[in-house]
Amino acid sequence: MQDFLHLFHYSFVQNAYLAGTIVAIVAAVVGYFVVLRAQAFAGEALADIGLAGAAGATVLGIGSLPGMLCLTILAALGMGALGERLRGRDIEIGMILSFALGLGVLFLTIYSQSGSHATTGVNILFGSILSVTSTEILITLCSGSISLLLIALLFRPLLFASVDPELARARGVPVLLLSMLFLILLAIVTAETVLVVGALLALALLVAPAATAQRLARRPLTALILSVALGLLITWGGLTLAFVGPGRHLPVGFFIAALAALFYFASLPLKRLRTPRRHTAPTHPCNEYRSMAGRGH
Amino acid sequence: MFDIFQYPIIQNALLAGVMVAVIAAIMGYFLIVRGLTFAGHALPNIGFAGAAGAVLLGLDPVIGLFAFTIGAGIGIGLLGREVNERDTSIGVIMTFALGLGLLFLSLYAGYAERVYSILFGQIIGISQQDVLITAIASLGTLLAILLLFRPLLFSSFDPEMAQARGLPVRLLSLAFLILLAITISLAVQVVGALLIFTLLIGPAATASRITSSPFRALSLAILLGISYTFLGIYLAAENGVWPVSFYIATLSFGIYLPVRLLSPLWLGRRRQRARTNADARADERAGRNKLAALEPERFAGSSR
């Protein structure tokens, strides 16, 4: 314990926990809507597009976070413009993703040939939370607060449009605009998440806590709070295990991904235990319809 | 201009690349029809972890690739049908596998280069023996697809109807995912784990935007896949610095984008026509077997 507290004297440890905390909260909140809107693949694609942005920025010699933000927002706009609803959407996302990955590979190749910086590429792929700078934390904090504020402002219409887009459209909610705004928001948050856990592991913080929370709690606000709590638990747990864990220094990303998977798969049987209760009490038709939609049909 | 093709390195690369492009295009078409795009992205990433684990244990990376992708393919096949839940589960499994891959590689000294070669592929420099292995495995996969072709196509387009007609839909889906896993393991050495996705989705997505008939779309996808790979390898060899996968991805996106933007011009009308044709055919089938169409549950139950 004494050793653990002693760790916090180092500024890089402080930075890691600070950045991890910010990202865990924002990712868990946005992730709630990602799961609700069935956009896990979009999140994954944006994270990999962030890889291309980060690599490109490194080649150009600017910071990786601005590069990621540029490319992910651009890609989000492209996905929103090209994508139809449902079936076609995955293909458009996939095509943009594969092009971005091609670019990322190109940038990484150029970069690793301009010197022996192969580890920088690995940092982008798997995160570099231990070398986060205070400027990056500041950018993360600002964009994270703005994202949370936006979500708070849009909360009700976004929730409505996510749970039942048809009904929301009929009631005059600007569903398309909301979906575009959400994609941009997702782009920003994904870029931040990539900073912490890397492009390949971003889904661990973006989707796993929210998906677990939605299995455990039905009411939106409860699920949202639970999602944030789980996100923090996973991030702090991952960081702590990496710092004081067994033997040699194992990567933070591994612990975060493993904890996220553990929580998610532990929650699977819990949902099965709970489901029968839904059918016992006859509900008002309106509520029943809404709860059905909430399950993502 | 064509001097390059005299080098055995390039010849090997072209041979292996074209074979992989053909099966990837076919599997990609089914992937799109079945709505499993995300699985096509996740499986290679999961394979990456397997390859890393095999490297750590001192085995051939291909063994790890096969073990992890086939395992994950079976896992995904057993997951629920509901798209949202399936995608989330695939995402969590994938990140966990990637985390494991990271762990394996960090335990293995000098890991950065290994990461690159598995993630980004090394087709230029592939050995004669690898070409032979690729050829045998591709032929086997192709044969399996041909054997399963009709039921697979039927169950991909209309799973309820296929089930009603007594096809083992679940088993087919499992077999498809295992075949997909094999294809992906083969393709890793060609384009790398990150860009297999391009060869799977790119040609098939463009082809299915151009024509809605499955056979024409499949042939077109194969043609496109071969040309992307061929051109990609040629351009990369000419350039000498930029990677093959970049060229393939750019070609595939560069062709897809105009097709996608212009496709409403011809697809709107044609798709409608195709749909009515399909409906008519379905009606005909239903007429032949009315009971099956009207009461799928009862029919499926009695046929088992």
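This is a predicted model: local features need pLDDT of at least 70, side-chain atom pairs count only at pLDDT 80 or more; totals for chains, interfaces and linings use all residues.
Of the 297 residues in chain A, buried residues make up 49%. Among the contacts in chain A with a separation of 6 or more, 74% are between residues 24 or more positions apart.

Buried residues make up 48% of the 304 residues in chain B, and residues 24 or more positions apart account for 75% of the contacts in chain B with a separation of 6 or more.

## Where the chains touch

The contact takes 41 residues from chain A and 45 residues from chain B. On the side of chain A that touches chain B, the elements that give two or more residues are helix H3 (40–60), helix H5 (87–113), helix H6 (118–126), helix H10 (202–206), helix H11 (208–216) and helix H13 (252–274) of chain A. Of these, H5(A) gives the most, with 14 residues. When the residues on this side of chain A are divided by class, 30 are nonpolar, 8 are polar and 3 are charged.

## The largest nonpolar core

The largest nonpolar core has 191 residues, and those with the most contacts inside it are Leu186(A), Ile256(A) and Ala260(A). The largest share of this core, 16 residues, comes from helix H1 (residues 8–33) of chain B.

Which residues does Leu186(A) touch, if those up to four places away in sequence are not counted? They are Val30(A), Val34(A), Ala42(A), Gly43(A), Leu46(A) and Ala76(A).

## Two packed helices in chain B

Two packed helices are described by the angle between their axes and the distance between the axes. For H1(B) and helix H6 (residues 128–157) of chain B, the angle is about 20° and the axes are 10 Å apart. Angles under 35 degrees count as roughly parallel, and H1(B) and H6(B) are therefore roughly parallel to each other. H1(B) passes H6(B) in a left-handed crossing.

The residues that make this contact include Leu15(B), Met19(B), Ile23(B) and Phe30(B) of H1(B), together with Val131(B), Ala135(B), Leu142(B) and Ile145(B) of H6(B). By class, the contact of H1(B) with H6(B) has 14 nonpolar, 6 polar and 1 charged residues.

## A closer look at Ile248(B)

Ile248(B) is found in helix H11 (residues 244–288) of chain B. Is Ile248(B) buried or exposed? A residue is buried if 20 or more other C-beta atoms lie within 10 Å of its own, and Ile248(B) counts as buried because it has 31 C-beta neighbours inside 10 Å.

Leaving aside its neighbours within four places in sequence, Ile248(B) is in contact with Val191(B), Leu195(B), Thr198(B), Leu199(B), Tyr228(B), Thr229(B) and Gly232(B). One of these, Leu195(B), is 53 residues apart from Ile248(B) along the chain, while the C-alpha atoms of Ile248(B) and Leu195(B) are separated by 8.8 Å.

Notes: Residues are numbered from 1 along each chain as its sequence is written. Chains are lettered from A and ligands numbered from 1 in the order in which they are written. A nonpolar core is a set of buried Ala, Val, Leu, Ile, Met, Phe, Trp, Tyr and Cys residues joined through C-beta atoms within 7 Å. A residue is buried if 20 or more other C-beta atoms lie within 10 Å of its own, exposed if 12 or fewer, and partly exposed in between; C-beta atoms are placed from the backbone. Helices (H or I, at least four residues) and strands (E, at least two) are DSSP runs, numbered from the N terminus. Two residues are in contact if their C-beta atoms, placed from the backbone, lie within 7 Å. Ala, Val, Leu, Ile, Met, Phe, Trp, Tyr, Cys and Pro count as nonpolar, Asp, Glu, Lys and Arg as charged, and the others, Gly among them, as polar. Axes are lines fitted to C-alpha atoms, for helices over the stretch in contact, and angles run from 0 to 180 degrees between N-to-C directions. Angles under 35 degrees count as roughly parallel, over 145 as roughly antiparallel, 65 to 115 as roughly perpendicular and the rest as oblique. A crossing is left-handed if the near helix is turned anticlockwise from the far one by less than a right angle, and right-handed if clockwise.
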